[in-house]
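This report describes selected local features of a single structure. The sequence and coordinates are displayed below for reference.

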Amino acid sequence: MKNHNRALSFELKHICRQSGARYGIVTTPHGSFETPVFMPVGTRATVKTMSSEELITIGAKIILGNTYHLYLRPGTEIMDHAGGLHAFMNWNLPILTDSGGFQVFSLAKLNDIKEEGVAFQSHIDGSSHFLSPEKSIAIQESLGSDIMMQLDECTPWPSDESYAKQSLERTTRWLERCINVWKYPEKQALFGIVQGGMYEHLRIQSAKEITAFDLPGYAISGLSVGEPADVMFRMLESVMPHMPTNK
């Protein structure tokens with residue numbers, strides 16, 4: 001079973017009857033990788049202590065770059081001059097970039113979440129910045145990653161039901177804004193993100209809203225943020241039946 005969606009395709013090879021786990025192959029403009037996959041984190045355009053050649057030697061097929069850190073340092077001007085993140089770090093295989101949202105919420109000295117986006121102070125020097133859905137996509141387009149993530153609001157643990165619902169609905173609206181400024185669907189895939197806190201019915205609501213947008217892929221976020229392991233597993237079990245198996 002194949003699903004081709006512009007910059008990314010996913011070929012589903014097998015679904016485990018016991019767990020529902022999937023084995024498949026994702027193909028991007030910079031190559032393919034099998035899922036599940038171990039994705040080394042190159043926070044600031046480098047995986048600590050390792051060169052690109054060493055990563056290839058150990059079998060890494062895709063790495064993750066952090067939009068928040070790369071935006072603050074070295075910045076989009078230097079990244080544009082270098083020709084994007086692949087050239088900057090001498091890596092010719094796939095790259096996934098996060099939206100910067102989680103780091104804004106967890107690392108910034110101060111942040112103020114509004115419908116327009118998030119105002120925050122850099123954890124490096126205290127300088128003021130503003131990250132909107134549109135700006136997050138613009139930064140990721142400058143980085144040239146194969147897979148971009150929408151800007152979402154990472155619902156903290158614990159959160160009451162009212163806040164979790166408000167947060168997931170804002171994430172849905174932010175996804176629509178990300179899609180509206182997505183310039184290069186033939187070069188970069190955009191993933192939507194499911195939120196909903198630790199409330200099963202809100203997780204299901206978010207999954208239905210996010211997957212209503214026909215995107216190359218989706219992520220489940222807002223987990224492993226301090227909640228007990230059994231709660232995390234319960235959230236996953238509640239939401240997975242509402243996620244497409246062919247993406």
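This is a predicted model: local features need pLDDT of at least 70, side-chain atom pairs count only at pLDDT 80 or more; totals for chains, interfaces and linings use all residues.

## Helix α6

Helix α6 spans residues 133–143 and is mostly covered, with 8 of its 11 residues buried. The buried set consists of Pro133, Ser136, Ile137, Ile139, Gln140, Glu141, Ser142 and Leu143.

## Packing of α8 against α9

Helix α8 comprises residues 200–211 and helix α9 residues 229–239; their axes come within 9 Å and cross at roughly 45°. The crossing of the two helices, α8 and α9, is right-handed.

On the α8 side, Glu200, Arg203, Ile204 and Ala207 take part in the contact, and they meet Arg234, Met235, Ser238 and Val239 of α9. Classified by residue type, this contact of α8 with α9 contains 4 nonpolar, 1 polar and 3 charged residues. An α-helix has 3.6 residues a turn, so residues three or four places apart point the same way.

## The loop residue Asn66

Asn66 is located in the loop that joins β6 (63–65) to α2 (67–72). Because its relative accessibility is 5%, Asn66 counts as buried, the cut-off being under 20%.

Leaving aside residues up to four places away in sequence, Asn66 touches Val41, Gly42 and Thr43, together with Asp98 and Gln103.

Methods:
Residues are numbered from 1 along each chain as its sequence is written. Side-chain values use heavy atoms; hydrogens and water are left out. Helices (H or I, at least four residues) and strands (E, at least two) are DSSP runs, numbered from the N terminus. Buried means under 20% relative accessible area, exposed over 50%, partly exposed in between (1.4 Å probe, protein chains only). Contact means heavy atoms within 4.5 Å. Axes are lines fitted to C-alpha atoms, for helices over the stretch in contact, and angles run from 0 to 180 degrees between N-to-C directions. A crossing is left-handed if the near helix is turned anticlockwise from the far one by less than a right angle, and right-handed if clockwise. Ala, Val, Leu, Ile, Met, Phe, Trp, Tyr, Cys and Pro count as nonpolar, Asp, Glu, Lys and Arg as charged, and the others, Gly among them, as polar.
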